[in-house]
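Thank you all for coming. Please have a look at the structure on the screen, and I will then take you through it.

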Amino acid sequence: MKLVMRAAYAAGILATGLALSTGAVNAQTKIGALYPFSGGLALLGDESFRGLELATEERNAAGGVKGQPLQIVKGDAVDPNQAVGEARRLTSVDKVTVVFGTYSSSLSLAATQVTELAGVPYFELGAISDPITERGFKNLFRSNPTARDFAASMVDSIGDAIAPALGVDAKSLKVAIIHEDSLYGQTVAGYQTKRAQEKGVNVVETLPYSAKSVDLTPVILRLKSANVDVVLQTSYQNDTVLFFRQAKEQGFKPKAVMGAGGGYSLRETMEAVGAANMEGALNVDFTQYKTNVSAAPGITEFVAKYKAKYGIEPRSGHSLANYVGAKIFFDAMAAAKDFSAPAIRESVLKVDLPVGATASGWGAKFNEAGQNTRVSPFVMQWQGGELVTVFPAKAAVTKMKTGLGSN
Amino acid sequence: MDVLIQLMINGIMLGSMYAMISVGLTLIFGVIRVVNFAHGELLMIGMYAVYLLCNKLGLHPYVAAFPVIVLLFLTGVLIQRFIIQPLLDADEHIQIFATVGLSTALVNLDLMVFGADLYSVTSPDIRVTVKLGTYNVLVGQLVMLGAAIALVVGLHAFMHKTALGRAIRATAQNRNAALLMGVRVNQIYIITFGMGAACVGLASALVSPLFPATPTVGTYFVLTAFVVVVLGGMRSMYGAFWGAMIIGLVDSLSAYYIAPDLKEVVYFAIFILILIFKPTGLFGFGRGTE
């Protein structure tokens, strides 16, 4: 008995000693990572997180931030309610210094309210809904382009890229805006309509439809009747597949079709539609991987790092967007006086990177609302089953083709 | 004029798709009187099964229909025996919760196993456009129309000319009286649910080449299926068919002439109007005949 008691005492002292010593030696900066790791958004939530993970590992290998390594604390935000709960846990229980996230706009909108109240800086790396940075928050910063940037890029490219490629006057093109009718589609379409008015683009039809549609033939027949030349679509995966299939079946061949990310960026969509049918479909989204490295320095190294760690090619441009954003904010944190919220804010607002300075081709200059103003999404095109960047010229890897479908 | 006819053809094809999916629900809702919210998920199971058989084993979708029909029949039998039967005498709301729970479980199980991506059945000879004059229609759609008509006629004949069919109708009219007449009601219910699910199995084999499979694909069809069933008059096969045709035509025409995002408003409004003037549905057997 006495032996057991003595052994227990010894173990206790050893354990306490160890705990104290590790506490002293391993001082780390905890950063929260709030993404949808499970549920319907899990695929791209995880993909987005991988960008943050790669950036963190890279930074830690180079000595961390202010000499301390960064430690990621994950939060799983399946829906807005859970996002709020996890944000609370990260800020009050785990006491993270800053929070990174989130991929989904509705999750971000919810979680950032918690962090703003708690006075913890939140770095948004991938959600595009504009209202996120339009609420007057002082501790919220976003590195990626917003829905308004996407819409502007799409409408501007009609005059800057599509009309010249077709050899016609931009004003002569009949444009239709079609979109799925939830928040994503309505937001982007709303900005597209405004931008089109500003630029004098001739929008002949605006048609919202349900993303759960079983049949888009009436939409296509309307477009056909109006002799639409250019279709701007904002859609998820299912309706994108339906649109392309039924457009072919009804014999609708516009001069150009352009998507706003969503279903247009996914490989599975192209496979379901058929590479030949999707040939020539344009897409505005986060930077993808077939981009000219002179406009996106570091992109090849990023892909190599991704493949080395995860064993496959990056599944979408979200990981790149998160990687680039995380790096910008790590540098801002390193340059800040300390990790208090006002010091971080001051440092972030001083960041000044020109366009083309990062691996995604974006620059970095944050306005008072915390939004990066030096981001403009590139235009990609499906060619031969690959999504390649075609505009602007500096970022392009190949020329833009005209027309839709190679059959 | 051209567009109008193309829209009407499109509406009829859409209607035949709804008819195929709703016939099974007519049996389940009309006979067992269970609001089966998991009906869409039966379609989803069928579509994934067809995808696996076609893309992994190389079967033609129409050939895959046979094993899928059997698979769905067994699924329906299991659902009725182990989920619905214990709840037959319970409050209706409990039955609804059970089917909603089943629906959620199936969608998430599918999400876990297959992920959120869409799966498309490769079938180049079914998505071929056929020209009826100057109008476009798909081979697969014509097959679906033919199958829908055959299914409806066949089921109607079955229900009226065979002993089992009569037993099913008797149970639907009055469960207790049927029991007294020596009908094994529990067995009838099991067979009926199985048959209803098998109809969905056939539908899924025909729909798969035209529509990619996703975990939530069932939800796109289920609400419309309920509307079709009630519109048609709950227990009538022909009613379900004509109800589906009406919905399909209204869907197609209102999406073009009014707006694509308002088409549900139009057909639900028509649905409400028809029920106000004929509460039993178009072909009787609805609320009024209890």
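I will go through the two chains and then the contact between them.

A word on conventions: residues are numbered from 1 along each chain as its sequence is written, and chains are lettered from A and ligands numbered from 1 in the order in which they are written. This is a predicted model, in which local features need pLDDT of at least 70 and side-chain atom pairs count only at pLDDT 80 or more, while totals for chains, interfaces and linings use all residues.

Chain A has 13 helices and 12 strands, where helices (H or I, at least four residues) and strands (E, at least two) are DSSP runs, numbered from the N terminus. Its radius of gyration, taken over C-alpha atoms, is 24 Å, close to the 22 Å that the globule rule gives for 407 residues, so chain A is as compact as a globular protein of that length; that rule is 2.2 Å times the number of residues to the power 0.38. Of the 407 residues in chain A, 52% are buried, meaning that 20 or more other C-beta atoms, placed from the backbone, lie within 10 Å of the residue's own.

Within chain A there is an open sheet of five strands in the order S2-S1-S3-S4-S5, with parallel pairing, and two strands count as paired if DSSP finds at least two bridges between them. At its edges are strand S2 (70-76) and strand S5 (140-142) of chain A, each of which pairs on one side only. Three bridges join strand S4 (residues 122-124) of chain A to S5(A), and A:Phe123 has A:Phe141 in S5(A) as its bridge partner.

Turning to chain B, we find 11 helices and two strands. Along its principal axes, the C-alpha trace of chain B spans about 60 × 50 × 35 Å, and buried residues make up 51% of its 290 residues.

How many residues does each chain bring to the contact? Chain B and chain A bring 24 residues each, with two residues taken to be in contact if their C-beta atoms, placed from the backbone, lie within 7 Å. On the side of chain B that touches chain A, the elements giving two or more residues are helix H1 (2-32), strand S2 (135-138), helix H9 (217-232) and helix H10 (237-257) of chain B, and the largest share, five residues, comes from H1(B).

Technical notes: A residue is buried if 20 or more other C-beta atoms lie within 10 Å of its own, exposed if 12 or fewer, and partly exposed in between; C-beta atoms are placed from the backbone.
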